[in-house]
Amino acid sequence: HNLDVPVAVITAHGNLDNAVAALKAGAFDYLSKPVALDQLRSLVNAALTLPVSPASAIKGERILLGRSAAMEQVRELIGRVARSLVQIDATFTSVMEILARVVDFTVGAIAFVEEEDLEVALLQHRNAAPTVLEEAKTRLLEALRRERPQPFERVRARLFTPASGPIGPEETTLGGFAAFPMTTHGSLVGLLSIAGKNVARMTKDSEAFLAQAANQAFIVMQNSRLFERIKNLSIRDSLTDLFNHRHSMEILATEFARVGRYEEGFALLMIDIDHFKEVNDLHGHPVGDAVLREVSRILRDTFRQVDAIGRYGGEEFIVVLPHTHREDALRTAERLRGRVEQHEFKAGGKTLR
């Protein structure tokens, strides 16, 4: 194409993939229909102010304006995610994959700071060696320490990958790193970070965009986290954080329906704590509550992620084990019984068995 003639794409098929394809092909700008007259005037005026020569100067200006248009598309997509996704895992991966279209990072992360707690979600966008992931985590923690010197009491990190898996050959070095802190009333509340070889080549306009997008991405994620917490309040027992009775029964009904359709087995464990009344009578209900919480922790440590653990009521628990035959369920139940029998419960200066 002739670089001396700015070309704008105006289409009813407006989406980010089409925009990126058009801009890569050399388009000056990209608009989705319907187009307002003011938008069209601005586009034409911008095209008329471009220097006609040399061609390389025009090409450079086009790349800048094209990237600006793509970034506007990214802003719109983040807004759509905010309106349509509420599950935090899906929201996080969607937001980070959108940002990866502006800067093609290897590892991206959003950190959430709440008083003494730190929660970090990481997305591995490109294939990378374990050492690269560890270095990305280390650089993120260093960036957080610069913003907030005091240490965190609890740190939780989760690693995600895109639905189609990480792309490209394995990278063995981290390359560049960039962090964008988010503060409220002078206090650090979160941080967006990206790392990878392409981050080292990030342009100033991309950096400025990410600094703005960090706040929007953080708000979207916080909304999902709030929704998840509210949902958990309705399905979890407040003392043990296990599923409550009602939700446990819903899971059980779902498993019965699944077995009826696919003829696959599942197991159900009914559990109660022996002599628990004596614990409450001799040591008081606060000690009894501590024992319930500790038994719940042992339950979580014993079973798989796919197993549903609930508090049936009082000192009684229920566990639904999908795809589990009788013999496997018996072995698992005996392993749990042995762990509880051998465990020393410490509560209020007392040691109980």
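**Salt bridges and their surroundings**

Helix H7 (residues 245-262) contains both Glu255 and Arg258, which are three residues apart, about one turn of the helix. The model is a predicted one. In it, the side chains of Glu255 and Arg258 form a salt bridge, at 2.7 Å from N to O. A search of the whole structure finds 18 salt bridges, and several of them are described below.

*The pair in helix H7*

- Glu255 has a relative accessibility of 10% and therefore counts as buried, since the term applies under 20%.
- Arg258 is also a buried residue, because its relative accessible area is 13%.

*The pair in helix H10*

- Arg337 and Glu341 are joined by a salt bridge in which the closest N and O atoms are 3.5 Å apart.
- Both residues, Arg337 and Glu341, belong to helix H10 (residues 326-342), where they are four residues apart, about one turn of the helix.
- Arg337 is partly exposed, because its relative accessible area is 42%.
- Glu341 has a relative accessibility of 44%, so it counts as partly exposed.

*Further salt bridges*

- Arg353 and Glu344 meet through their side chains in a salt bridge of 3.9 Å, N to O.
- Salt bridges that share partners also link Asp117, Glu153 and Arg154 into one network.
- Arg353 is classed as exposed because its relative accessible area is 60%, and the class begins over 50%.
- Glu344 is partly exposed, with a relative accessible area of 40%.

- Thr106 is located in the loop between helix H4 (88-99) and strand E3 (107-114).
- With a relative accessible area of 1%, Thr106 is buried.
- A polar contact of 2.7 Å connects the side chain of Thr106 with the side chain of Glu171.
- When residues up to four places away in sequence are not counted, Thr106 touches Leu123, Gln124, His125, Arg126, Asn127, Ala128, Glu171, Ala195, Gly196 and Lys197.

*Nonpolar surface patch*

- A nonpolar patch on the surface is formed by Ile10, Leu37, Leu40 and Val44, which together have about 310 Å² of accessible area.
- Helix H2 (residues 37-48) supplies the largest share of this nonpolar patch, namely three residues.
- Ile10, another member of the patch, lies in strand E1 (residues 8-11).

*The chain as a whole*

- The secondary structure of the protein chain consists of ten helices and 14 strands.
- Of the 353 residues in the protein chain, 41% are buried.
- Among the contacts in the protein chain with a separation of 6 or more, 64% are between residues 24 or more positions apart.
- The protein chain exposes about 19,900 Å², and 53% of this area is supplied by carbon and sulfur atoms.

Methods:
Residues are numbered from 1 along each chain as its sequence is written. This is a predicted model: local features need pLDDT of at least 70, side-chain atom pairs count only at pLDDT 80 or more; totals for chains, interfaces and linings use all residues. Side-chain values use heavy atoms; hydrogens and water are left out. Patches are made of residues with over 30% relative accessible area and no salt bridge: like charges are joined within 9 Å, nonpolar side chains (Val, Leu, Ile, Met, Phe, Trp, Tyr) within 5 Å. Accessible areas come from the Shrake-Rupley method with a 1.4 Å probe; for residues, only the protein chains shown count as cover. A salt bridge is a side-chain nitrogen of Lys or Arg within 4 Å of a carboxyl oxygen of Asp or Glu. Helices (H or I, at least four residues) and strands (E, at least two) are DSSP runs, numbered from the N terminus. Buried means under 20% relative accessible area, exposed over 50%, partly exposed in between (1.4 Å probe, protein chains only). A polar contact is a pair of N or O atoms within 3.5 Å; within protein, one must be able to donate a hydrogen and the other to accept it, and residues adjacent in sequence count only if both atoms are side-chain atoms. Contact means heavy atoms within 4.5 Å.
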